[in-house]
Amino acid sequence: MKSRLLAAVAALLFSAAVAAPALAQDAGTHSTDTQSGVRAPAQAVTPSRIRGRNNEPRRERAPAAPTAEQILAAAQEQMALTTTGCQVSEAKLLGKTATGTTVYEVACGAAPGYMLETKTPPEASSCLILAHTAEQRRAADPAADVGPQCTIAANTDTQKFLRDYAKQASVPCTVDQAKILGQSGDGAIVYEIGCSDAAGYWIKQEAGAWTKTPCIQVLAENGKCDFTTTAENAGYVKTLLAGSAAAPCNVTEARLMGRNANGVFYEAKCEGADGVIARVNAENVVQQIYPCATAQQIGGGCKLTTAPAAAAPAPAGGRS
C-alpha cells in the first residue's frame, strides 16, 4: 500500500515537472477560460492587429508648428525675391492656398507692409492697396466680401504712411487728411493730400521720385480734390500775387487758366475790385498782371469776374 502511494506521488511530480515548461512555452499563444480552466490558443500578433482604441489604425504624429523665428526667416527669404525693397520686421503665417503656395503678412518697419504669396516669383500685395480696395467695395456694398486684409498692428495705420508720403513729396503744409485715389495711366499710385491750413495736392511716385500737383491744377485738368475748398485754392493764388501789383487783391476765387511758353496763367477774383490775370514763371514768380477789364484776348478772358458792360455807341451825327 505504501509502495503504491509513493508511486502515485512520483508520477504526479513527474507530470508537473514536464507540464511547467510546456506552460511557459505556450504562455504567449494561449489564454485560459476562467470557467472551464481550458486554455485556448491566443490570436497571432500581426502588423494588421496593431491598432489603437476602437480598432482604429495608429495615426502619425502631426509635424510641429513653425516657430516665430522660422516664419520670419522664411518670409524674409521670399520678400528678398521681390522688388518692394521691404526689410521685414515682423511676419505672420496665414496658411496655404488650394494650389499649395504659402501666404504670409509682413510688416516692413516704417514702410507699409504686404500680403506675400510664395509663387514663382513671389507675389507681394500692398496692405495700403488692399485696404483701399476693401473700402471701395464696402462703399458699393456693405456686405461685400473684401478678401483677406492686413492685421499686423504696424500695417493698420494707413494715414501714418500717407502722411510720410506727403513729406517725401515735399508737400508744404500740415497734412490733416490723405487717401489713395487709384492708379494713373502709367501705373503709378496717386494719392490726395489735404492740408489743415492750405490747398492740397495730388502726389505720386515714379521711378523712386515723388511729384506733386496743386489742387487748383487738378481742377483745371478735370480732376477732383475732396480735401481742398474754393477758399483754399483762392489762398494759394493769393500767395502767388504777393509782391506784385496785384498784391492788394483779396482773392475770393481763383482758377488755373493754362500755360504756354511764356508761363502759367491764373485768374483771381478780387473782393470789391476788378479781377486780374497773373502770368507766373516756373518758379511761381509773377511776371505780369492783366486787369480783367482789358484781358479779353488772354486765354478767352476772365470767367470769374463779371466784365463791365460795354459803353453804348454814340448816336450818329452826334444828335440825341
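**Exercise 1. Which residue in β9 is the bridge partner of E192?**

Solution. In β9, E192 has W202 as its bridge partner. Strands here are DSSP E runs of at least two residues, helices are H or I runs of at least four, and both are numbered from the N terminus. Two strands count as paired if DSSP finds at least two bridges between them.

A note on the source: this is a predicted model, where local features need pLDDT of at least 70, side-chain atom pairs count only at pLDDT 80 or more, and totals for chains, interfaces and linings use all residues. Residues are numbered from 1 along each chain as its sequence is written, and side-chain values use heavy atoms, with hydrogens and water left out.

**Exercise 2. Work out the order of the strands in the open sheet.**

Solution. Step one: take β7 (residues 175–183) and β8. They run antiparallel and are joined by 7 bridges. Q177 stands opposite G194 in β8. The hairpin of β7 and β8 has 5 residues between the strands, and G187 takes a positive phi near 90° there.

Step two: go on to β9 (residues 201–206). It is antiparallel to β8, with 4 bridges between the two. A hairpin of 5 residues makes the link from β8 to β9.

I203 has K212 as its bridge partner in β10.

β7 and β10 (209–214) are the edge strands, each pairing on one side only. Neighbouring strands are turned by 25° against each other on average, direction ignored. Axes are lines fitted to C-alpha atoms, for helices over the stretch in contact; angles run from 0 to 180 degrees between N-to-C directions.

**Exercise 3. Why is strand β8 described as largely enclosed?**

Solution. Count the buried residues. Buried means under 20% relative accessible area, exposed over 50%, and partly exposed in between (1.4 Å probe, protein chains only). In β8 (residues 189–195), 6 of the 7 residues are buried, so the rest of the structure largely encloses this strand. Now look at helix α3 (residues 127–140). It lies across β7 and β8, at about 85° to β7.

**Exercise 4. Is V218 buried or exposed, and which residues does V218 touch?**

Solution. First, locate V218: helix α6 (residues 215–220). Next, check accessibility. V218 has 2% relative accessibility, so it counts as buried. Then list contacts, meaning heavy atoms within 4.5 Å. Leaving out residues up to four places away in sequence, V218 touches W202, T213, G223, K224 and C225.
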